[in-house]
Amino acid sequence: MRPRALVECCCGPKSIVASKSLEFNFTKALRLTADSHRLGTPEGNAKAEKDVSALVREGLDVHLWASLPCRPWTLYTIINSARLGRRFRRDLATMRKESITLIEEFFKLAEIVEKGGGTWSFEWPAYCLGWD
């Protein structure tokens, strides 16, 4: 059995998930935070891809995990779009574009992990407009 590593995407610098993984047969944990790897930017994406690829090259069994931000996709955005008008809808469109960029980068990282024989998963609310 290969040593395991957890890559936690979209988390804080003191994430409990990454900390706890080291107590449960993971030998390494990498947090991809807004400060360490600003996903959605060319620099952040490149750094994340480089760091995840390095874990795969080390021969680790990598699991990529994310709690993807869903704020721009909540059902409340329907109400707020009607109540708050054009400016809110413009800001919402920007937030959704950023969200899609983040999700696309997550799946690029998932591809790297999968090619190395690892696994990936994420959580997102069941009743989230982003599923459409």
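Helices (H or I, at least four residues) and strands (E, at least two) are DSSP runs, numbered from the N terminus. Valine 52 is found in one of these elements, helix α2. This is a predicted model, in which local features need pLDDT of at least 70 and side-chain atom pairs count only at pLDDT 80 or more, while totals for chains, interfaces and linings use all residues. Residues are numbered from 1 along each chain as its sequence is written, and side-chain values use heavy atoms, with hydrogens and water left out.

**Valine 52**

- Valine 52 has a relative accessible area of 0% and is therefore buried (buried means under 20% relative accessible area, exposed over 50%, partly exposed in between, with a 1.4 Å probe and protein chains only).
- Not counting residues up to four places away in sequence, valine 52 touches Val7, Leu30, Leu109, Ile112 and Val113 (contact means heavy atoms within 4.5 Å).
- One of these residues, leucine 109, is 57 residues from valine 52 in sequence, and the two are 7.2 Å apart in space, C-alpha to C-alpha.

**Asparagine 45**

- Asparagine 45 is placed in helix α2, which covers residues 42-57.
- With a relative accessible area of 13%, asparagine 45 is buried.
- The side chain of asparagine 45 reaches the backbone nitrogen of glycine 40 at 2.7 Å.
- Leaving aside neighbours within four places in sequence, asparagine 45 is in contact with Arg38, Leu39, Gly40 and Glu105.

**Aromatic pairs**

- A pair of aromatic rings is described by the distance of the centres and the angle of the planes.
- Rings of Phe, Tyr and Trp (its six-membered ring) pair if their centres lie within 6.5 Å; planes under 30 degrees apart count as stacked, over 60 as edge-to-face and the rest as tilted.
- By this rule the count is 7 aromatic pairs.
- The ring centres of tryptophan 73 and tryptophan 124 are 6.5 Å apart and their planes are at 65°, so this pair is edge-to-face.
- Tryptophan 73 lies in the loop between β3 (61-67) and α3 (76-115), and tryptophan 124 in the segment after β4 (119-123), so the pair ties together parts that are 51 residues apart in sequence.
- Tryptophan 73 is buried, at 11% relative accessible area, and tryptophan 124 is buried as well, at 15%.
- Phenylalanine 106 and phenylalanine 107 also form an edge-to-face pair, with 5.4 Å from centre to centre and 80° between the planes.
- Phenylalanine 106 is buried at 0% relative accessibility, whereas phenylalanine 107 is partly exposed at 33%.
- Phe106, Phe107, Trp120 and Phe122 form one aromatic cluster.

Key:
A polar contact is a pair of N or O atoms within 3.5 Å; within protein, one must be able to donate a hydrogen and the other to accept it, and residues adjacent in sequence count only if both atoms are side-chain atoms.
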